[in-house]
Amino acid sequence: MLYLIISIATLLTGCNKIGDEDPKITSGKNIRDAKRPIGASAREILSSSLFESIEVELQYMKGFEPTPELVDNIKLFLEELINKPGGIKVFLSSIEPLKKATYTLQDIREIEDTHRNAYNAGKKLGVYILFLDGYSSEDNNNSTTFALVHRNSSVAMFAKRIRERSDRIGHPPRSLLENTVARHELGHLMGLVNVGSGMQHTHEDPNHAGHCDSRDCLMFWAVESGSIFNLVQEGRIPTLDVNCRKDLKANGGI
């Protein structure tokens with residue numbers, strides 16, 4: 001399974017690959033559909049052929065809730081891209097903080113399997129974004145992680161790291177940084193770039209798999225580096241370029 005991270009690595013970063021996990025039914029919850037590889041739900045998210053509505057759960061560890069703007073911004077972002085005549089719902093839920101210094105991928109998956117509420121049901125599709133109170137276990141002196149996508153409908157945000165890198169001199173407002181990171185990760189869930197939504201024109205960066213080769217695009221690899229600060233400090237969230245938009249539309253989006 002591919003999993004993708006947003007990180008700072010002294011202005012350089014990349015994506016990693018790990019092995020597929022074994023999907024299981026856990027504690028009476030049918031989570032099989034939520035344990036597929038990244039991109040497996042791209043068309044399900046974009047089109048109305050299987051799911052007519054979508055529910056996005058923003059689950060945070062208490063004390064690390066997202067900014068109020070994020071709920072509305074995620075809804076607006078998705079409304080521009082996905083075909084869901086039954087509507088788009090974004091809601092908050094909270095869990096007790098685990099107060100761990102770092103979280104491994106296995107930790108993140110165990111938290112999700114225990115606490116996630118938004119699953120596919122009938123014509124409703126579920127997406128899950130978790131806000132953690134610690135750092136990634138993969139961080140080191142040269143690389144720190146903002147977020148990662150690790151399943152077909154799952155995002156993990158390292159909220160403590162985002163707070164450290166925002167709302168202070170020389171850093172962007174937290175709402176801008178948080179929204180940029182979240183939108184980039186949702187782009188990966190929708191199959192960008194070439195990870196579930198086929199390219200209508202070649203635009204995948206040959207040196208950074210899963211990312212757009214346009215420097216102005218939300219899915220450009222440098223959004224995952226220190227260059228993200230230059231963009232959000234201008235007071236704007238990067239947008240998807242025309243090639244990324246074409247890929248999404250061709251896969252059922254609007």
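These are my notebook entries on a predicted model, covering the whole protein and then two of its residues.

Whole protein. I looked up the secondary structure and found seven helices and nine strands (DSSP runs numbered from the N terminus, helices being H or I with at least four residues and strands E with at least two). Of the 254 residues, 57% count as buried (under 20% relative accessible area, with a 1.4 Å probe and protein chains only). I then took contacts (heavy atoms within 4.5 Å) between residues at least 6 apart in sequence, and 73% of these join residues at least 24 apart. The protein exposes about 10,700 Å², of which carbon and sulfur atoms supply 48%; the area comes from the Shrake-Rupley method with a 1.4 Å probe.

R161. I located R161 in helix α4, residues 159-164, and its relative accessible area of 9% makes this arginine buried. Setting aside neighbours within four places in sequence, I noted that R161 is in contact with Y135, D139, T144, T145 and F146.

P238. I placed P238 in the loop between α6 (227-232) and α7 (242-250), where P238 counts as buried at 2% relative accessibility. I also checked P238 against R215: the two are 23 residues apart in sequence and 9.8 Å apart in space, C-alpha to C-alpha.

Note on methods:
Residues are numbered from 1 along each chain as its sequence is written. This is a predicted model: local features need pLDDT of at least 70, side-chain atom pairs count only at pLDDT 80 or more; totals for chains, interfaces and linings use all residues. Side-chain values use heavy atoms; hydrogens and water are left out. Buried means under 20% relative accessible area, exposed over 50%, partly exposed in between (1.4 Å probe, protein chains only).
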